[in-house]
Amino acid sequence: MRFAEFDDEELLTVVKPLAEHTENSWNQKSYEDFCLYLSDQFPEEEFNRQLEDSYDEFGIHTITDLVAIHRNPENVIVIWQVDFEKRKEPGLLMYCFIEREGKALIGGCTYHA
């Protein structure tokens with residue numbers, strides 16, 4: 001798999017299910033599922049801290065419209081709009097995807113609300 005060879009539609013076919021799985025795992029507060037496609041270890045304490053800091057304020061996250069795809073030599077950044085259960089205004093959801101041993105993995109993710 002080579003991200004650089006994929007057009008936008010092909011790329012999204014590969015990476016969007018990973019992002020949706022990760023967001024659904026966040027919504028279900030499932031640490032094990034949340035980490036399934038991460039390229040590096042993510043401490044459970046940090047997962048729980050982030051849930052505590054923001055879940056009550058924003059609630060469930062839902063990926064909506066694609067905002068941008070940015071290709072770098074080492075990764076691809078995909079930005080989507082994200083809707084929040086408990087907030088009228090949408091936010092931005094940014095995922096960094098990397099390739100490792102022929103597989104797409106999540107190198108990092110963050111949202112801005």
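Two parts are in contact here when they have heavy atoms within 4.5 Å of each other. With that in mind, welcome to a predicted model, in which local features need pLDDT of at least 70, side-chain atom pairs count only at pLDDT 80 or more, and totals for chains, interfaces and linings use all residues. Residues are numbered from 1 along each chain as its sequence is written, and side-chain values use heavy atoms, with hydrogens and water left out. Helices (H or I, at least four residues) and strands (E, at least two) are DSSP runs, numbered from the N terminus.

**Helix α3**

- Helix α3 covers residues 44-58, and its 15 residues should span 21 Å at 1.5 Å a residue; the end C-alpha atoms are 20 Å apart, which agrees. The expected span is 1.5 Å times one less than the number of residues.
- At Glu 52, α3 bends by about 35°; the bend is the angle between axes fitted to the seven residues ending at a residue and the seven starting there.
- Gly 59 follows α3 and has a positive phi, near 70°.

**The sheet**

- Four strands make an open sheet in the order β1-β2-β3-β4, with antiparallel pairing; two strands pair if DSSP finds at least two bridges between them.
- Because β1 and β4 stand at the edges with a single partner strand each, one side of each is left without a neighbour in the sheet.
- Neighbouring strands of this sheet are turned by 25° against each other on average, direction ignored. Axes are lines fitted to C-alpha atoms, for helices over the stretch in contact, and angles run from 0 to 180 degrees between N-to-C directions.
- Helix α1 packs on the sheet, where α1 touches β1, β2, β3 and β4, and its direction makes about 140° with that of β1.
- Strands β1 (residues 61-71) and β2 (residues 76-84) pair in the antiparallel sense over eight bridges, and they form a hairpin with four residues between them.
- The bridge partner of His 70 in β2 is Ile 77.
- Eight bridges also join β2 and β3 in the antiparallel sense; Gln 81 has Leu 92 in β3 as its bridge partner.

**The nonpolar core**

- A nonpolar core is a set of buried Ala, Val, Leu, Ile, Met, Phe, Trp, Tyr and Cys residues joined through side-chain atoms within 4.5 Å.
- The largest core has 26 residues, and those with the most contacts inside it are Phe 3, Val 15, Val 78, Trp 80, Tyr 95 and Phe 97.
- At least two residues of this core come from each of α1, α2, α3, β2, β3 and β4, and α1 gives the largest share, six residues.
- Not counting residues up to four places away in sequence, Val 78 touches Leu 12, Val 15, Leu 66, Ala 68, Ile 69, Leu 93, Met 94, Tyr 95 and Phe 97.

**Two loop residues to look up**

- Most residues other than glycine have a negative phi.
- Lys 29 has a positive phi, near 60°, and is found in the loop between α1 (8-27) and α2 (31-34). Its relative accessibility is 46%, so Lys 29 counts as partly exposed.
- Glu 101 has a positive phi of about 50° and is found in the loop between β3 (87-100) and β4 (103-112). With 80% relative accessibility, Glu 101 counts as exposed.

Note on methods: Buried means under 20% relative accessible area, exposed over 50%, partly exposed in between (1.4 Å probe, protein chains only).
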